[in-house]
Amino acid sequence: MAKMYGKGGKTAIESEEQQKLRWQVELEFVQCLANPNYLNFLAQRGYFKDQAFINYLKYLQYWKEPEYAKYLMYPMCLYFLDLLQYEHFRREIVNSQCCKFIDDQAILQWQHYTRKRIKMFNSVNNTQMNAAATCGTEINEAQQPQMAAQQPGSNSAAGVNIQNGNTGVNTQQAQLVGSQQQSQQMNGTNSVNPLMQKMQ
């Protein structure tokens, strides 16, 4: 629940629905200020001579804060909201020729701004993709020697012969040798190589 100060210093309490509706109305109105023809319409009907309306325009400047400005689809409205704070601009916008000049300049700005933004986004995307590609190749090149260094040390204990190109582990031979040694120890036979026995 929010308090809203009205005429004569009296406070009126708003419900959540009323706050939401006020927020939507103010959002719509602020964005309408991006249209110079609408400003000309307001000026010709004397709204800019009403002090209550001028105070309302001052109040609406909270839309310039980032947490509110992110909801605006036409950020140009904030520029016109700033101009409306000046009496000279409020007086001149009554003139239809002045309004048409501002409207033409706004259209030209949007056209060139859109082209510039597209070029800027394309160049940024290209540089990011190139940077990601070069970074990826550098990481792969750095990882390859480390992986190659880890393989011989870890696989040599398991009986892998990488130098000869035989990367399969001869598990059957390793199990056979282990079982022969165990049976010889259990039988009490000499586990010395027969060639060593001949040399003795």
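Predicted model: local features only at pLDDT ≥ 70, side-chain atom pairs only at ≥ 80, totals over all residues.
Me: What makes F29 buried or exposed?

Reply: The relative accessible area of F29 is 12%. That value is under the 20% cut-off, so F29 is buried.

Me: What makes the aromatic pair of F29 and Y56 stacked, tilted or edge-to-face?

Reply: Let's take the distance and then the angle. The ring centres of F29 and Y56 are 5.8 Å apart, and rings pair if their centres lie within 6.5 Å. Their planes stand at 45 degrees. Stacked needs under 30 degrees and edge-to-face over 60, so this pair is tilted. F29 belongs to helix 1 and Y56 to helix 3, so the pair ties together parts that are 27 residues apart in sequence. The structure holds 15 aromatic pairs.

Me: Why is the pair of Y38 and F41 called stacked?

Reply: The planes of Y38 and F41 are 15 degrees apart, with 6.2 Å from centre to centre. Y38 is partly exposed at 24%, and F41 is partly exposed at 36%.

Me: How do you know whether helix 1 and helix 3 are roughly parallel or roughly perpendicular?

Reply: Look at the crossing angle. The axes of helix 1 (residues 16-32) and helix 3 (residues 51-59) come within 12 Å and cross at roughly 95 degrees. Angles of 65 to 115 degrees count as roughly perpendicular, so helix 1 is roughly perpendicular to helix 3. Helix 1 brings R22, E26 and F29 to the contact, while helix 3 brings F53, Y56, L57 and Y59. These residues divide into 5 nonpolar, no polar and 2 charged.

Me: How do you know how many disulfides there are?

Reply: A search of the whole structure finds 0. A disulfide is a covalent bond between the sulfur atoms of two cysteines. The cysteine sulfur closest to that of C32 is in C77, 9.3 Å away. The cut-off is 2.5 Å, so the two are too far apart for a bond.

Methods. Residues numbered from 1 in each chain as written. Heavy atoms only, no water. Axes fitted to C-alpha atoms, helices over the stretch in contact; angles between N-to-C directions. Helix = DSSP H or I, 4+ residues; strand = E, 2+ residues; numbered from the N terminus. Parallel < 35°, antiparallel > 145°, perpendicular 65-115°, else oblique. Contact = heavy atoms within 4.5 Å. Nonpolar A, V, L, I, M, F, W, Y, C, P; charged D, E, K, R; others polar. Phe/Tyr/Trp six-rings, centres within 6.5 Å; stacked < 30°, edge-to-face > 60°. Buried < 20%, exposed > 50% of the residue type's maximum accessible area, 1.4 Å probe, protein only.
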